[in-house]
Amino acid sequence: MVTKQFSGTADEADLRRADSLAREIFSDVANKWALLIIEALGERTLRFSELRDEVEGISHKMLTQNLRMLERNGLAERKVHPTVPPRVEYTLTQPGLALRATVDLMCGWTHQYLGHIETARRSFDT
């Protein structure tokens with residue numbers, strides 16, 4: 001996978017630019033599965049099967065892809081314990097925990113405005 005390299009220019013941090021590194025990172029983490037995984041891992045270290053149970057509806061493939069993406073971006077760590085069978089655990093890194101604070105705000109916003117959004121949807125759909 002080819003990725004942009006950060007050299008410190010302001011353009012690379014501009015989300016509005018299609019070619020910015022910031023947009024690439026934002027695109028990686030701004031999906032429902034990544035946000036739900038971050039929320040679940042913010043509580044504690046979890047094994048793969050525990051994560052799959054926590055994030056209802058996620059497939060094995062989507063969980064694997066999103067965990068790899070979070071690892072690649074330095075937001076989650078994977079620890080393999082040398083047992084038979086191997087025990088693999090995932091935990092958020094410091095940047096992942098910082099992102100979780102934003103995810104928590106988004107969850108709070110959703111709870112606060114859920115009624116308003118439902119009313120708007122009913123009005124729009126009629």
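Is T93 buried or exposed? T93 is buried, at a relative accessible area of 14%. (Buried means under 20% relative accessible area, exposed over 50%, and partly exposed in between, using a 1.4 Å probe and protein chains only.)

Before you go on, note that this is a predicted model, where local features need pLDDT of at least 70, side-chain atom pairs count only at pLDDT 80 or more, and totals for chains, interfaces and linings use all residues. Residues are numbered from 1 along each chain as its sequence is written, and side-chain values use heavy atoms, with hydrogens and water left out.

**Stop 1: T93.** Select T93. The residue sits in the loop between β3 (87-92) and α5 (94-125). Helices (H or I, at least four residues) and strands (E, at least two) are DSSP runs, numbered from the N terminus. Now show the neighbours of T93. Leaving aside residues up to four places away in sequence, T93 touches G74, L75, A76 and E77. Contact here means heavy atoms within 4.5 Å.

**Stop 2: G74 and helix α4.** Move to G74. This glycine comes just after α4 and takes a positive phi of about 75°. Next, select α4 itself, residues 60-72. The helix has 13 residues and reaches 18 Å from its first C-alpha to its last, close to the 18 Å expected at 1.5 Å a residue. (That expected span is 1.5 Å times one less than the number of residues.)

Colour L63, N66, L67, M69 and L70, which are buried in α4. Look down the axis: the buried residues fall within an arc of 160°, so they line one face of the helix. The arc is taken from the directions from the helix axis to the C-beta atoms. What do these buried residues pack against? Their partners are α1 (21-29), α2 (32-41), α3 (48-54), β2 (76-81) and β3. On the face turned away from the buried side, find the exposed residues K61 and R68.

**Stop 3: α2 against α5.** Select both helices. They pack at an angle of about 110°, with their axes 9 Å apart. Axes are lines fitted to C-alpha atoms, for helices over the stretch in contact, and angles run from 0 to 180 degrees between N-to-C directions. The two helices are therefore roughly perpendicular, a term for angles of 65 to 115 degrees. From α2, show L35, I38 and E39; from α5, show G96, L99, R100, V103, D104, M106 and C107. These residues make the contact.

**Stop 4: T119.** Stay in α5 and select T119. This threonine is partly exposed, with a relative accessible area of 46%. Finally, draw a C-alpha to C-alpha distance from T119 back to G74: they are 39 Å apart in space and 45 residues apart in sequence.

Note on methods: Angles under 35 degrees count as roughly parallel, over 145 as roughly antiparallel, 65 to 115 as roughly perpendicular and the rest as oblique.
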